[in-house]
Amino acid sequence: MSPSSGMPSDTSEVLPPAPAAWEPRDPTVPATPPPRRKRPPRRRRGGRFRRLLRWLVGLAFLGALLLLGGLVAGDLLVDIPPANATAVAQSNLFLYRDGTQLARAGEVDRENVSLSRVPLTVQHAVLAAEDRDFHTSPAVDPRAMLRATWNTLTGKGRQSGSTITQQYVKNYYLGQEQTLTRKAKEFFIALRLGREKDKAEILEGYLNTSYFGRNAYGIQAAARAYYGKDAEDLDTAEGAYLASLLNAPNAYDVATHPENRERALARWRYVLDGMVGEGWLSKAGRAAAVFPAPQPARASAGLSGQRGYLVQAVEQYLTEAGVVDEKTLAAGGFRITTTLERARQDAFVKAVDEVVNSRLDPEHRPADRSVRVGGAAVEPSTGKVVALYGGIDYTRQFVNNATRRDYQVGSTFKPFVLTAAFQHGAQTQEGERITPDTLYDGDNRRPVQGWSGAPYDPANEDDASYGPLTVRSATDRSVNAVYAQMAVDVGPSRVRDTAVALGLPRRTPDLTASPSIALGPATASVLDLARAYATLANHGRHGPYTLVEKITRDEEEFALPGDDGFSDLARPEDGPDGPQDGPDESEHDGDDHGRRTRQVVTREAADTTTSVLRSVVQGGTGTAALAAGRPAAGKTGTAEDDKAAWFAG
């Protein structure tokens, strides 16, 4: 190798040629594609979702087929049945406790009329109240049924999703029971009627079968019962009132239940406003409408004297307690044995005649024409109502004075203040525990102390001032100033709760927690008050009251409140300090259907109150009770500017 050039010195030596990196492709030979790179299998997204969707679609399709098949089968299998028991209603038999007959009642008052005899405004009032889309909607409204079910389940109140067609089916062909079977039959019968009858026929049937209260079935009977006229003579306002009764016949009868007047007015206005909204009544006609007060109810001769009042009280007890609904009871066929005792009932009537009625002279003293007497007798140990006095004669004076709740109880409420004071160990404003011998200031118009509300200084009877006096003396003389102050010392809420625990319904009107509660503005019924005083007589133990021993129909016996404990109707709230005893302190009486009693206030509190009330009879405002010739404890009361006078004991 030359040192100058760095090349090999021997030029004859030749190296082998390097391999070619690329050669031209022979165009006659097909090209071979390069091998593809293998990739991992790709995971399919959404496959599970698509499978679930297909499953749901299939399930929905299957459900639709089953539903369609069920509808077809139901339509083929469910026939229109004959008229139900309501359409051929019977009478109810009421018995005294000893099994002798008290009364027979319940014959249905019905007179069918053609739709042409019902004024169009009255028809529209009924539609506004019950089914405003009647003429344009199908016989069954699934959306309304679902909405009603949803509102019921979500606590918005029990509502009806039924069209007028469905209601007619229920009224005439079925019954009032709330079962799925009945609902299913109602659905299919309504569908068939919707095909086989026109709207006019269905509306006519509905108007002739609906229950309006007062034992009146149908618009004609209702027009006669409430306004003494034929259906064809009803005006718009009267028609709206009758239509409002369909929602709650007994509750909205303002002649029978004047305490519910505001509720009835609200429903009446709702009907009229609905007529305006549908274009059936002008705004001017709505503005001119005046509430048409119905005439007093008239009873059949078979319910004359006290019988009608007793039947009415028993029916009210059964419906309010949920034993049987009003329409089913009116359909008849029931045999009802009451707790009323004939001998005591007769003695009650005799006492009122001798002590009150014999002294009235309505011809020479016009005020005597307005005298009303009501009374109730409750057996303390069992809560059984053994006698009631409702008025002079059920056929002459329909409102039951034993059960009405529209008169203030006055000073008969004061023992509840006293019981609350003893129950809670309450103290005066000076820190002295309240006993029968505790001194209070009895001066007239003395402002109550320790009350954060509006100033309150009640007047005593005849504006008398008594100065310092004991609780016992203040009770004897019914001193308002003392009891208003005592209510504040105890606490008005405790006073209210004690009254409820003893037996007054919590829903009693004007049972308000304020100093005035002691003076009795609450409007409890005579029966309510008798129940509460019976608890005091029973040493503070209270149980569910009852008017019925047994009720049967077609050999079937119905369960009564208290058969398995306290009912919502009769059960007092827990005592003022909560439950006063456990299950081991409940008492059972085999002759009283196992009803149990509860210690709602201590025996000491109840018996101390009774001791003070004996003093009222012995030397206070209740000395007239000495005429009974036996030990008695009680309290008098006046209210409504001396228009209401009470004695409870």
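1. The model is predicted, so local features need pLDDT of at least 70 and side-chain atom pairs count only at pLDDT 80 or more, while totals for chains, interfaces and linings use all residues. Residues are numbered from 1 along each chain as its sequence is written, and side-chain values use heavy atoms, with hydrogens and water left out.

2. A pair of aromatic rings is described by the distance of the centres and the angle of the planes. Rings of Phe, Tyr and Trp (its six-membered ring) pair if their centres lie within 6.5 Å; planes under 30 degrees apart are stacked, those over 60 are edge-to-face, and the rest are tilted. The structure holds twelve aromatic pairs. One of them joins Tyr317 and Tyr545, edge-to-face, at 5.3 Å centre to centre with 75° between the planes. This pair links distant parts of the chain, 228 residues apart: Tyr317 is in helix H11 (residues 307-320), and Tyr545 is in the loop between strand E10 (541-542) and strand E11 (548-553). Helices (H or I, at least four residues) and strands (E, at least two) are DSSP runs, numbered from the N terminus.

3. Are Tyr317 and Tyr545 buried or exposed? Buried means under 20% relative accessible area, exposed over 50%, and partly exposed in between (1.4 Å probe, protein chains only). Tyr317 counts as buried because its relative accessibility is 1%, and Tyr545 counts as buried because its value is 9%.

4. Phe413 and Phe416 also form an edge-to-face pair, with 5.1 Å centre to centre and 85° between the planes. Phe413 is buried, at a relative accessible area of 0%, and Phe416 is buried, at 0%.

5. Ring pairs also join Tyr226, Tyr227, Tyr241, Trp268 and Phe291 into a cluster.

6. Charges sit over rings too (NZ of Lys or CZ of Arg within 6 Å of the ring centre and within 35 degrees of the ring normal). Arg132 lies over the face of Tyr270, 4.7 Å from the ring centre. The charged end of Lys199 is over the ring of Phe134, at 4.7 Å from its centre.

7. Strand E1 (residues 92-95) is covered on both faces: Asn92 and Phe94 are buried on one side, Leu93 and Leu95 on the other. Two strands pair if DSSP finds at least two bridges between them. E1 pairs with strand E2 (residues 101-105) in the antiparallel sense over four bridges, and Leu95 stands opposite Gln101 in E2. The two strands form a hairpin with five residues between them, where Gly99 in the turn has a positive phi of about 95°.

8. E1 also runs parallel to strand E5 (residues 335-338), joined by three bridges. Here Phe94 stands opposite Ile336 in E5.
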